[in-house]
Amino acid sequence: MSLLELDDVHTYYGESHILQGLDLSVEDGEIVALVGRNGVGKTTTLRTALGLTPPRRGTVRFKGEDVTGTEPHTIADSGMGWVPEDRRVFAHLTVAENLRVAAHAAVDPDARLDEAYDLFPALERFADKEAGDLSGGQQQMLAIARGMLGDNDLLLVDEPSEGLAPQIVSDVVEALRAASADTTMVLVEQNFRLAMDLADRFYLVDHGVVVEEGDTAGVTSDDERIRRYLTA
Amino acid sequence: MTGATSVAIGVADPAPLLATGGALDGARTAVRVLVEGLGKAAVYFTIAVGLTLVFGLMGVLNFAHGAVTMVGAYLGGLVLVLVVGSGTGTLATIGLFFVAMAIVFAVATAAGSAIELKLIRPIYDRTPTYQILLTFGVSLIIEEVVRIVLTLRGIQPDPQWQAPMGTIPDVLLGRTDLFGIAVRRLYLFEVLIGGIVLVAVWLFLTRTLYGLYIRAGSEDTEMVQALGIDVRRAFTVVFGVGTGLAAVGGVLLMWDPIWGPSVLLSIDVLLYAFVVVIIGGLGSFRGTVVAAGIVGIADSVTTWLFTTGIVTFSGLSEVTIFLLLVGMLVVRPQGLYGVEEVGGH
């Protein structure tokens, strides 16, 4: 049984048909990358999995349960975390409060915060600082820590390197590697090399469907089957 | 605020007034105006805070807010008129005021939660126009029901129901000497109640889990959902608490001779509550506190200018407050502490 399965999923924004019969599956413990050009439906795939933009047709299964049309908070509570594009930290809440929102269901929220600080020691120094005052890289660390705090089995990570300086990106990559020891991950990433470096498998998405898939080992953007979908 | 006097425009010669007092009198007057401004600010804060909480999390502009305050004024008045007699002592009366406040808060919170569940929840997926029309309709129904009940009971719906004024304990009537300055005791009482409401709401927002959800949800409702929080349940709680606070504002106004229980209180309160939350920034608690202070002080200063005869335009206070609103909308439409987009579901 796969941890996450999307079966012939069709998702729309209004009348715009974004996902046009997308299939994918994610096994327990792996990192799966979704790659493709801008606007092909990668972020929508994550939103569909979490129930934020439910599909009109097709099925979403999480841990073997059909969660199609289920409220996002119920899916999130069942163990699916989200690190969204642009991070979306609560800018006027402190770092600790951002984490506390995510740890709302924990029996001992303080212990969960300590675990997050163990994984991302820099966050503890800024615990009482408003998240909006953090740098982009620090906000990304906070978003990853927040996504993991719900004791999640699956973490959906959207464009973690976007807008970050190269040195900061390598810190974020290390943070994601550390996080992947505890959780399965679906990663949407524009930086193809970074995605292949981090992930075990990949799905190449184009016009709302999966056009290529496989192991990441040895795959480069120079492969003809990849290149024609990544270049405009 | 009802029953505005006729408007006359003119500026009297301020020289004699300024010359008579001297520097000490000037300072005393300034302090007295400041204290009275704080009293008015407490009223403005109390009537606006529920509105801003509801909009901040839910993005719902509750046009029934003023009607709830009006009902709160009548219910609070009813409790006190029924239980306070000629033999009731000062402390007991003030204690009963707090009991009335608690009862009204509980009733209004339950009613607000029911309204959210049964009326507002089904239309979250529609445009904000539907919510405005719905809450405006609820407001009209509440006003007419109150008018019918008052007429049947032989109580005057406008301009004010006077009976609750008779329950004000002597200790709150007249002025008291505060560091050599004569200050109306009722204003001090309003500052006290406004302070209690402010601290209570602040504690709710900063010390409870629901407060944390509200502050997070005011920034990004979808993200809160994605973290596993049932935002719809939080909406019900917040709409209930917001409605309860609106009604508590009514209990505070019940003893205020300027506002007092009347059906027209509904629209007056709504208007001023909107002014405060727009100046402060829709959805911002801090903004509501600061804006209530600004509007209260502006109201107090302009009232002083009129009552001393320096300005003979009776509508000065209202014009100044609404000019503040217009100025804010032109210069900074999101208000002092608001963000450009807030709320949503």
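Leaving aside its neighbours within four places in sequence, which residues is B:Asn62 in contact with? I found B:Leu51, B:Val54, B:Thr135 and B:Gly242, where contact means that the C-beta atoms of two residues, placed from the backbone, lie within 7 Å.

Before going on, I note that this is a predicted model, in which local features need pLDDT of at least 70, side-chain atom pairs count only at pLDDT 80 or more, and totals for chains, interfaces and linings use all residues. Residues are numbered from 1 along each chain as its sequence is written, while chains are lettered from A and ligands numbered from 1 in the order in which they are written.

**Entry 1: chain B**

I placed B:Asn62 in the loop between helix 1 and helix 2 of chain B; helices (H or I, at least four residues) and strands (E, at least two) are DSSP runs, numbered from the N terminus. B:Asn62 counts as buried because it has 31 C-beta neighbours inside 10 Å; the scheme calls a residue buried if 20 or more other C-beta atoms lie within 10 Å of its own, exposed if 12 or fewer, and partly exposed in between, with C-beta atoms placed from the backbone. I also looked up B:Glu222, which is 160 residues from B:Asn62 in sequence and 21 Å from it in space, C-alpha to C-alpha.

For helix 2 of chain B (residues 65-83), I checked the length: at 1.5 Å a residue its 19 residues should span 27 Å, and its end C-alpha atoms are 27 Å apart, which agrees. The expected span here is 1.5 Å times one less than the number of residues. Of those 19 residues, 16 are buried, so helix 2 of chain B is largely enclosed by the rest of the structure.

The largest nonpolar core has 165 residues, and those with the most contacts inside it are A:Leu156, A:Leu187 and B:Val276; such a core is a set of buried Ala, Val, Leu, Ile, Met, Phe, Trp, Tyr and Cys residues joined through C-beta atoms within 7 Å. Helix 1 of chain B (residues 15-58) gives the most to this core, with 15 residues. Not counting residues up to four places away in sequence, B:Val276 touches B:Tyr44, B:Ala48, B:Thr288, B:Ala291, B:Ala292 and B:Val295.

**Entry 2: the sheets of chain A**

I read an open sheet of 6 strands in chain A, in the order 6-7-8-3-9-10 and with mixed pairing, two strands being paired if DSSP finds at least two bridges between them. Its edge strands are strand 6 (80-83) and strand 10 (209-215), each pairing on one side only, and the twist averages 15° from one strand to the next. Helix 6 of chain A (residues 136-149) lies across strand 6 and strand 7 (154-158), running at about 170° to strand 6; axes are lines fitted to C-alpha atoms, for helices over the stretch in contact, and angles run from 0 to 180 degrees between N-to-C directions.

Strand 9 (residues 201-206) and strand 10 of chain A pair in the antiparallel sense over 6 bridges. In strand 10, A:Asp215 is the bridge partner of A:Arg201, and A:Glu213 that of A:Tyr203. The hairpin of these strands has 2 residues between them, and in it A:His207 takes a positive phi near 50°.

I then turned to an open sheet of 4 strands in chain A, with the order 2-1-4-5 and antiparallel pairing. Strand 2 (16-26) and strand 5 (65-66) stand at its edges, each with a single partner strand, so one side of each is left without a neighbour in the sheet.

**Entry 3: positive phi**

Most residues other than glycine have a negative phi. A:Asp8, in strand 1 (residues 4-13) of chain A, has phi near 50° and is partly exposed, with 14 other C-beta atoms within 10 Å. A:Arg87, in the loop between strand 6 and helix 3 of chain A, has a positive phi of about 70° and counts as buried, with 24 C-beta neighbours inside 10 Å.

**Entry 4: between the chains**

Last, I noted that 20 residues of chain A are in contact with 16 residues of chain B. Helix 2 (72-77) and helix 3 (95-102) of chain A each supply at least two residues of the side that touches chain B.
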